[in-house]
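Take a look at the model below.

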Amino acid sequence: MNRQRVALFWFTATVAVSLVAMLVPLPEVLQPFKPYWPALVLLYWALESGERVSLGLAFVVGLFADLLDGVLLGEQAMRLTALMFIALRFRSRLRFFPMWQQTLAVLALLLNDRILLLIVRTFAGEASPTLSWWFSPFVGAALWPFLFLLLDDLRIRLRIA
Amino acid sequence: MPLTREEPSPLFAGTVAGTLRLLTYLALAMVLMVLDHRNGWTWRVRYAAAVVVEPLYRLAGAPSAGLHALTVAFAERKTLTEENQRLREDLLLANAKLNRMAAVAEQNQRLKELLDTQRSLELNVQLARVIGVDLGPGEDRIMLGIGANSGIRVGQPVIDARGVMGQVVHVLPSTSVVMLVTDPAHAIPVTVERTGLRTIAYGTRDGSGLVLPDIPMAADVRAGDRLLTSGLGGRFPPGFPVGTISQVQPAATGMFLQASAKPAADLDRSEDVLLLHDQAEPAGPPAPAASVGPPADLAMPAGAASTAPAPRTGAAR
């Protein structure tokens with residue numbers, strides 16, 4: 001009983017931290033390299049405990065991120081829902097991939113996310129982005145093994161199933 | 001552990017129900033996006049949710065504020081003394097200039113009274129602090145630490161010591177968002193200081209500077225020309241520095257000259273900014289601005305002046 005509460009708290013905390021990390025600015029030079037934190041954290045939870053993450057939850061987290069980020073209400077909701085759908089569909093296989101394959105899969109997912117974003121932006125009539133806009137998925141994928149190991153270690157220490 | 005519980009996603013084939021749910025959510029998100037794009041809902045919803053959202057902004061702004069505090073705390077005494085000295089000199093110089101200007105300003109005031117114009121040289125400003133928050137990639141926006149509770153309204157111009165920074169586009173109870181002049185969606189009516197040519201400066205695609213895409217071929221514009229706000233459109237008061245032209249070349253269409261400009265304001269480094277309160281004319285274009293251009297016999301042909309469509313002044317969003 002208590003363990004479940006700790007698990008729920010830990011899950012909410014990681015998602016909340018990822019949302020705040022999305023808002024924290026980096027120095028001007030590093031700005032284009034900022035990974036899409038909420039997607040990475042949600043991906044981790046989708047792979048590790050798939051029954052906790054559903055499409056509805058991804059949608060709600062995305063809506064909240066939209067409220068914070070303020071670009072277009074529903075944009076991140078759509079991106080995160082699509083991302084979670086693919087991740088949950090291939091969950092059983094992704095989980096047993098060796099780390100390097102998993103990293104490649106995450107890269108593909110994040111690139112797909114950027115393409116979705118590009119489509120939305122184009123429809124919204126915004127200017128097409130510069131080359132540096134495409135760096136973020138690669139940084140996200142490069143950070144994935146470390147994030148995964150860190151979160152997994154903490155999860156095991158907290159004994160969350 | 002995972003083996004004991006039921007596996008919701010089968011190894012190879014997905015369920016139809018899952019796909020249906022995905023489609024429902026995607027459709028919902030698209031409806032939201034279209035509604036938001038048409039009506040600008042996000043900010044109304046966010047205004048309602050400000051109690052939750054604003055502390056998060058403060059929290060996200062804390063690292064950069066802390067970093068700044070650390071820099072100040074660990075800065076060498078010598079550096080600080082030097083900076084202090086420099087600021088004193090600047091202040092002295094500025095005061096000396098002001099004293100000289102005072103007489104001119106008074107004379108200007110009297111002449112303007114004679115001419116029956118309302119515009120004055122006095123500034124009604126409010127100081128605001130910038131919160132370091134990243135508002136999405138490709139968006140040239142900054143967040144300020146004051147909002148509707150301090151009387152901030154959408155459309156107020158924002159300046160720093162060197163020039164125009166942008167305008168307020170969204171207001172929350174105690175924070176507000178400023179669109180910078182370098183945002184691709186921003187346009188500001190300007191006049192070239194040297195010749196009085198009126199045109200419009202847009203933000204560039206990558207948000208690094210300003211671009212003036214429609215200068216007539218015959219116009220006299222050179223690198224190094226200073227750009228001032230022209231006051232057309234009634235949003236920015238006239239006479240504030242906007243930027244300096246860095247290069248001029250024929251546009252891709254060959255019909256116009258295209259100039260790029262460097263913004264005058266310190267867009268990346270400003271920590272404190274000034275918000276201008278509305279001046280004499282609250283909305284709509286002012287009476288034909290006789291005070292900006294050169295004398296009538298030197299003015300550009302009529303076609304040149306009319307390239308500035310007033311409605312584009314606002315944030316196009």
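**From one residue to the complex**

Start at Arg79(A), which sits in helix α4 of chain A, residues 75–89. Helices here are DSSP runs of H or I with at least four residues, strands are runs of E with at least two, and both are numbered from the N terminus. This is a predicted model, in which local features need pLDDT of at least 70, side-chain atom pairs count only at pLDDT 80 or more, and totals for chains, interfaces and linings use all residues. Residues are numbered from 1 along each chain as its sequence is written, while chains are lettered from A and ligands numbered from 1 in the order in which they are written.

Is Arg79(A) buried or exposed? Arg79(A) counts as buried because it has 24 C-beta neighbours inside 10 Å. The cut-offs are 20 or more other C-beta atoms within 10 Å for buried, 12 or fewer for exposed, and partly exposed in between, with C-beta atoms placed from the backbone.

Which residues does Arg79(A) touch, beyond four places in sequence? They are Gly62(A), Asp113(A), Leu116(A) and Leu117(A). Contact means that the C-beta atoms, placed from the backbone, lie within 7 Å. Leu8(A) is 71 residues away along the chain, and its C-alpha atom is 24 Å from that of Arg79(A).

Now step out to the partner chain. In chain A, 35 residues are in contact with 41 residues of chain B. On the chain A side, α1 (2–23), α3 (55–69), α4 and α5 (91–95) each supply at least two residues. The most come from α4(A), with eight residues.

Chain B holds a barrel. Six strands close it in the order β6-β7-β8-β11-β10-β9, with antiparallel pairing. Two strands pair if DSSP finds at least two bridges between them. Strands of a sheet pair through backbone hydrogen bonds, either parallel or antiparallel. Look at β8 (residues 210–216) and β11 (residues 256–263) of chain B: five bridges join these antiparallel strands. One bridge partner in β11(B) is Ala259(B), which faces Leu212(B) in the pairing.

Finally, check the confidence. pLDDT is the predictor's confidence in each residue, from 0 to 100. Chain B averages 78, and 79% of its residues score at least 70. In chain B, pLDDT stays under 50 over residues 1–6 and also over residues 303–317. Where pLDDT is low, the predicted coordinates should not be read in detail. For the complex, the predictor gives an ipTM of 0.82 and a pTM of 0.71.

Methods:
Two residues are in contact if their C-beta atoms, placed from the backbone, lie within 7 Å.
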